[in-house]
Amino acid sequence: MKALQTIRSSRKLVTLVWILGLIILWECGAFYIEAVKRTPENVLPHLWQIIASVFSTKVISNGQTATQIVLTNAGATLLRAGYGFLIGMAGGFLLAILMKLSGIVEKVAFPYLMLIQMIPILGMAPIVLAITKDIGVSRIVIAAILTFYPVCTNTLAGLKSVEQEKLDLMYLCAANRYQVYWKTLIPTCIPFFFTGLKISAPMAITASILVDTLQGDGGLGCMLSQSLKHAMSIYVFWQIVFLSAFVGVASSWLMGLLERRFSPQKRLAARKGA
Amino acid sequence: MKRNGSSSRFRQSITTVLYPLFFGILILVLWQTQALHAMLNIDPFVLPLPSRINSIIGESLPKIMTNVWATLIVAVAGLLLGSLFGYLIAIVATVFPKWGAGGLSIVTAFNAIPIVALAPVITNWTKDVSSDANIRSMVAKIIVVLLMCTASMSLNAYRGLTELRPFSQDLLESYAAGKFTIFRKLRLPNSVPYIFTALRVSVPLSVISALVSEYFAEYVIGVGRQIRENIVLGQYPTAWAYITVACLIGIVMYAVLIVCESILLRHRK
Amino acid sequence: MNGSQTAIKIDNVGMVYRADNQEVTALTGVSLDIEKGEFISLLGPSGCGKTTLLRIVADLLAPTSGQVLIDGSSPREARLQKKYGMVFQSPVLYEWRTVQKNIELPLELMKLSKEERAERARKMLELVGLTDFAHHYPQQLSGGMQQRVGIARALALRPEILLMDEPFSALDEFTREKLHEDLLRIWGKTNKTVLFVTHNIAEAVFLSDRVCVLSPHPGRLSAVVNIDLPRPRTMELRDTPEFTALVAKVRNSFEGV
């Protein structure tokens, strides 16, 4: 046990050293850029400058500070990403169940499911905006489509991974179809379902930000473009870069947390440090 | 128990093809007859008929091909460089397990960073690369694709290089094989299927990130940028033509990957 | 056991698979009467059709000829009346359920009340000696303990027939011998009819009232050996000449292996 703990704490140390190394690398770059460029903050500002801008009370536009701008716009973007994520999640899960329930549905849907994977949905964002004519709805639609595919395929793989013995057991206990799904198939596919969610959560956020950049109606992506065009402080841009990176990583982490909440076997595995 | 195994299996394989085909044709017919527009309440101007899209592709083929090449070069170059880079990271992580594996967890975190945030920064970074806007835009776009494709390759290749069959390493060590020999004879071949697992993820990803990086690029070229520009100009049929082409790029690249995989892995289960 | 009822009547059962347009005879002409409360082993090498026979009795497979009667009715009716409890080669536990919840699973399917489920699970846990582990998850138990949970779950339904498909073959020798004794103790208390599939001769002899020897190509019943060793049986029995003689007798009854 003790040896195990040492390994785990040393793994944390390794990660910490890596993060420190990346910070040093960034700062070296920033010092170099500062020496050779006229506007270094457009290329690579110092990390402390970005942090200072977060706490700065300087009003940048519409009576808001940089941080206020980022946070209010983040709300609009992330909320829509969240709606889309939930819709895609429910849709993906339901289709997987339907495909398992009905051979016809599986046959019709399977090739198209493969096709969705190959089609660059994100590249279709402008047309979705043109069809829906509403930026909020477009964000939701694109985030939902992107969430849909990983959730559906992973859940389907989970439903198909059930051991035959468990199904035999259900059969011997004369379980009805509803019981087979509710007691055996669905609990088995839960970890697979979360694998899908871990993949798709950052994708939903990416999609939502990208859709923002298509129109000037607010949202993180819109502020990002405006800041790049020097319509407002460039530090708004840098804050958004770090915020979106953070939210992307955090969303994936959150899904892992929920997974451990819902499946005891994952909780046990995580406690073992495997 | 199922009787008449062969004839029912034949019927099975027929329906596997026919059901989705019928569904696809149904959608196309609904689309062409504008029933789809009525159902979804869409203007045929925004969602042009398939026949119109088809004729546009035919009319402006040379121009479309120029943009296809621009996108394809970015996607393929970024995919190859990113995969190579990812594989190198995996090798380093294998050689230095303690520090390397920790680095890989950082790479995993990078994987969750939205590409849209990356693209504009990189456009800023590559300002000095060349005086030609086309070339420096292309470099910026390739870097975006490269970064997006690195993570999946490094994670999968690391698994391929380290998750060896039990005792295979012991066997080679008992022959007094050195680290390099073990690497070449055991780890490298073992990682090949994992490379394809990574590519199945990163091939579609490379096309998507190429299209998106074009949005933020300085120089106006590429299928993704054309979709956007044409919509801004209200030329929806042309935009749809480019969307169709973008989908075809994705499908063709994936098909090429599957063919390569089936040839290279034909002796493995 | 003179004059007791027939629990399972296997009447001239045959099973032919069709694979790649070839017919494979898995079982041919198997007939056997099993009495209520009897412990029967189906013993044979792989490919002899012993698991196929078990699955036919359990209504998991339909025979291509002959028939099986459980208490005079079909296996399907017996299954719907919850007359079967089954223990598999692997424990087949639900990794997201605690030990107690695993045992309660078949009872949930029967829609028993919460109190009754807990009460039955408690009794079963006591029977297999795992009372202290009720709230553990399967992954936290050893292989032997997991298989005991499997047995407890099978018995929780209060079935008339316990079907066991090589339940101890994945365990080490020490654990297996311990579980043999436990199984006999549990069987003695509950008086189920047991159909036990194995490829281990000593195991079959130690546990059974009768050992049914099956031979492959095609799968058929080649001998039925009565094991008239006294009960209760303990570990020491294995060292007696009577035991060794019966093991030899069973081994010699194989044909064409």
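This is a guided walk through the structure above, one chain at a time.

The model is a predicted one, so local features need pLDDT of at least 70 and side-chain atom pairs count only at pLDDT 80 or more, while totals for chains, interfaces and linings use all residues. Residues are numbered from 1 along each chain as its sequence is written, and chains are lettered from A, with ligands numbered from 1, in the order in which they are written.

Let's start with chain A. Its C-alpha trace spans about 75 × 60 × 30 Å along its principal axes. Chain A has 12 helices and two strands; here helices (H or I, at least four residues) and strands (E, at least two) are DSSP runs, numbered from the N terminus.

How much of chain A is buried? Of its 274 residues, 42% count as buried. A residue is buried if 20 or more other C-beta atoms lie within 10 Å of its own, exposed if 12 or fewer, and partly exposed in between, with C-beta atoms placed from the backbone.

Next, look at where chain A meets chain B. Here, 38 residues of chain A are in contact with 43 residues of chain B, contact meaning that the C-beta atoms of two residues, placed from the backbone, lie within 7 Å. The elements of chain A that give two or more residues to this side include α1 (2-36), α9 (177-212) and α11 (234-262). By class, the side of chain A that touches chain B has 26 nonpolar, 10 polar and two charged residues. Ala, Val, Leu, Ile, Met, Phe, Trp, Tyr, Cys and Pro count as nonpolar, Asp, Glu, Lys and Arg as charged, and the others, Gly among them, as polar.

In chain B, let's visit one residue. Ser152(B) sits in helix α7 (residues 133-162) of chain B. Why is Ser152(B) counted as buried? Because it has 23 C-beta neighbours inside 10 Å. Leaving out residues up to four places away in sequence, Ser152(B) touches Ala198(B), Val201(B) and Ser202(B). Ser152(B) and Ala198(B) are 46 residues apart along the chain, yet their C-alpha atoms are separated by 5.4 Å.

Three strands form an open sheet in the order β2-β1-β4 (chain C), with antiparallel pairing. Two strands pair if DSSP finds at least two bridges between them. The edge strands, β2 (22-35) and β4 (65-70) of chain C, each pair on one side only. Strand β1 (residues 6-19) of chain C is joined to β2(C) by 10 bridges. Along this pairing, Ile8(C) stands opposite Ile34(C), and Val13(C) stands opposite Val30(C). β1(C) and β2(C) form a hairpin with two residues between them, and Asp20(C) in the turn has a positive phi of about 50°.

Our last stop is helix α5 (residues 143-156) of chain C. Of its 14 residues, 12 are buried, so α5(C) is largely enclosed by the rest of the structure. The buried residues include Met145(C), Val149(C) and Leu155(C). Among the elements that the buried residues of α5(C) pack against are β5 (84-87), α3 (99-109) and α6 (173-190) of chain C. Just after α5(C), Arg158(C) takes a positive phi of about 55°.
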